[in-house]
Amino acid sequence: MPDMEGNIEASDFCVGESAKCEGSRLKGLENADWGVKFRMGRIFNPESGNTVMLAFDHGYIMGPTSGLERMDLSIVPLIPHADCIMCTRGALRSVVPPNSGKPLALRFSAGSTILTELNDECLADIEDAVRLDACALAPMVAIGGTFEAKTISNLAKCVDYTSRYSIPTLGVTAVGKNLARDARYLGLATRVIAENGATFVKTYYCEEGFEKVVAGCPVPIVIAGGKKLPERDALELAYKAISAGARGVDMGRNIFQSECPRAMILAVRGVVHKGMKPDEAFEMFSDLKSDGEKAAK
Ligand code: 5RP
């Protein structure tokens, strides 16, 4: 009980001044719970409203992917430069220092590998996600694939779980080998994922009509980088996606398979947070890369 004697009476109510209520700058979040907004606010940079997520969850289906052979050596030094990390709970517990301080988008579905048919997955346990203080849970959703119904059902369960604990769901578009990554398909997939309750959606960029994919999705979109491209092309991909309305990248191979991953993630940040054009960002990449090479000599 505070000491009430000599207590100063509350009087500074600023009557007449309207209450300050800063809304989220992310679409679709207006009616979300405080906890969801809080966690999304950790993933997305408050100044730019965008995010650079570092994805290194590939091993759960691909095994020791190039660039991820030793995540302790290749990924851990990059973590300070990411706004959010996306990985499996196995990688998190075995490699990521608990004091890294970065919000976690936890890979939340698993069940098949490249040796069998992908996307035959189930969900992990929500209690473990709470133990790990996940800021988002990411199930795979394979629209148009053999396991469409199963992955949509996973998404629905994930949204039910995460609603209980105000953890955002990141629906991940898994595009089967025989499906075209065009605006028609991506527009359908992202919309289905959002309508099933995802808080935000990870998908791929397409050259034609990506702005329609973004506009037709009522929640924010972040893009995967996809297979490794030359650095300037990957920066251009990020630039075009952001220009078309994506709120960030959830990029893996184009960062950790780069000739200079640290320079690459910093250049991607330049595009995503500072609006750098591809040439400017590539110059930044080249300068940082050659500084690193000089320092190593
Ligand atoms: C697969 C994923 C991966 O994390 C993601 O695609 C990896 O990013 P990149 O394509 O940039 O290597 O979610 O569905």
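This is a predicted model: local features need pLDDT of at least 70, side-chain atom pairs count only at pLDDT 80 or more; totals for chains, interfaces and linings use all residues.
Figure 1. Sort the shell around the ligand by class and you get seven nonpolar, five polar and three charged residues. That makes 15 residues surrounding the ligand, and the closest are Ala55, Ala224, Gly225, Gly252 and Arg253. One of these, Ala55, turns up again in the view of strand E1, where it is among the buried residues.

**Figure 2. The sheet, strand by strand.** Nine strands make up an open sheet with parallel pairing. Reading across, the order is E6-E3-E2-E1-E11-E10-E9-E8-E7. Strands E6 (136–138) and E7 (140–141) stand at the edges, and each has a single partner strand, so one side of each is left without a neighbour in the sheet. What holds such neighbours together? Strands of a sheet pair through backbone hydrogen bonds, either parallel or antiparallel.

**Figure 3. Strand E1, covered on both faces.** Here we zoom in on E1, residues 51–55. Is it enclosed or open? Five of its five residues are buried, so E1 is largely enclosed by the rest of the structure. Thr51, Met53 and Ala55 are on one side, Val52 and Leu54 are on the other, and all of them are buried. To spot the E11 pairing, find valine 52 and its bridge partner, valine 249. For the E2 pairing, look for methionine 53, which stands opposite cysteine 84.

**Figure 4. From E2 on to E3.** Strand E2 covers residues 84–87 and strand E3 covers residues 104–107. The two pair in the parallel sense, over three bridges. A handy landmark is isoleucine 85 in this pairing, whose bridge partner in E3 is leucine 104.

**Figure 5. The E7 and E8 end of the sheet.** E7 is one of the edge strands, and it pairs with E8 in the parallel sense over two bridges. Which residue of E8 does methionine 140 stand opposite? It is valine 172. In E8, Leu170 and Val172 point one way while Gly171 and Thr173 point the other way, and all are buried.

**Figure 6. Helix H7 lying across four strands.** H7 (residues 183–195) lies across E7, strand E8 (170–173), strand E9 (200–203) and strand E10 (221–224), and runs at about 150° to E9. How far should this helix reach? At 1.5 Å a residue, its 13 residues should span 18 Å, and the end C-alpha atoms are 17 Å apart, which agrees. The buried residues of H7 are Tyr185, Leu186, Gly187, Ala189, Thr190, Val192, Ile193 and Ala194. These buried residues pack against the strands E7, E8, E9 and E10, and also against helix H6 (148–165) and helix H8 (210–215). After the helix comes glycine 197, with a positive phi near 110°.

**Figure 7. Apart in sequence, and how far in space?** Take glycine 35 first, found in helix H1. Glycine 35 and proline 168 are 133 residues apart in sequence, yet 8.7 Å apart in space, C-alpha to C-alpha. With 13 C-beta neighbours inside 10 Å, glycine 35 counts as partly exposed. Then look at aspartate 128, in helix H5 (residues 126–131). Aspartate 128 and arginine 93 are 35 residues apart in sequence and 11 Å apart in space, again C-alpha to C-alpha. Aspartate 128 is partly exposed, with 13 other C-beta atoms within 10 Å.

How values were computed:
Residues are numbered from 1 along each chain as its sequence is written. A residue is near a molecule or strand if its C-beta atom, placed from the backbone, lies within 6 Å of it. Ala, Val, Leu, Ile, Met, Phe, Trp, Tyr, Cys and Pro count as nonpolar, Asp, Glu, Lys and Arg as charged, and the others, Gly among them, as polar. Two strands pair if DSSP finds at least two bridges between them. Two residues are in contact if their C-beta atoms, placed from the backbone, lie within 7 Å. Axes are lines fitted to C-alpha atoms, for helices over the stretch in contact, and angles run from 0 to 180 degrees between N-to-C directions. The expected span of a helix is 1.5 Å times one less than its number of residues. A residue is buried if 20 or more other C-beta atoms lie within 10 Å of its own, exposed if 12 or fewer, and partly exposed in between; C-beta atoms are placed from the backbone.
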